[in-house]
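Here is a short walk through one protein model.

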Amino acid sequence: QVQLVESGGGLVQPGGSLRLSCAASGSIRSINKMGWYRQTPGKQRELVADITSSGSTNYADSVKGRFTISRDNAKNTMYLQMNSLKPEDTAVYYCNVDVVTRALLNYFYWGRGTQVTVSS
């Protein structure tokens, strides 16, 4: 079993910054790709950014130049630094992790989500 704990969401004014964290724990042998997704009511969940185990990154066009994804493999933790936040960034942010368990099984896990609200 693997647990994901997200933190760092909250209320911020436009132009402000937040840093999200996603920590994975449990029966983990290794983690492949990690990613952040977001969802607003009535819309599909969309990819914000992801990062491979070697550090290659991919960003949605809407966040390029403002958000930075990173990870600490020793801590099984992923981060999302969000700068120059806009009201349209308001959403529930979810982490998604591709895990190889100690039993050598491969699963994708989702976090429970953390609310980010950008408003004055």
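What share of the contacts in the protein with a separation of 6 or more comes from residues 24 or more positions apart? The share is 54%, where contact means heavy atoms within 4.5 Å.

This is a predicted model: local features need pLDDT of at least 70, side-chain atom pairs count only at pLDDT 80 or more, and totals for chains, interfaces and linings use all residues. Residues are numbered from 1 along each chain as its sequence is written, and side-chain values use heavy atoms, with hydrogens and water left out.

The protein has eleven strands and zero helices. Both are DSSP runs numbered from the N terminus: helices are H or I with at least four residues, strands E with at least two. The radius of gyration is 14 Å, close to the 14 Å of the globule rule for 120 residues, so the protein is as compact as a globular protein of that length. That radius is taken over C-alpha atoms, and the rule is 2.2 Å times the number of residues to the power 0.38. Of the 120 residues, 41% are buried, meaning under 20% relative accessible area with a 1.4 Å probe, protein chains only.

Now turn to strand S7, residues 67–72. Its covered face holds Phe67, Ile69 and Arg71. Thr68, Ser70 and Asp72 form the uncovered one. S7 runs antiparallel to strand S8, residues 77–82, and six bridges join them. Strands pair if DSSP finds at least two bridges between them. Phe67 has Met82 as its bridge partner in S8. The two strands form a hairpin, with four residues between them. In the turn, Asn76 has a positive phi of about 50°.

Note on methods:
Buried means under 20% relative accessible area, exposed over 50%, partly exposed in between (1.4 Å probe, protein chains only).
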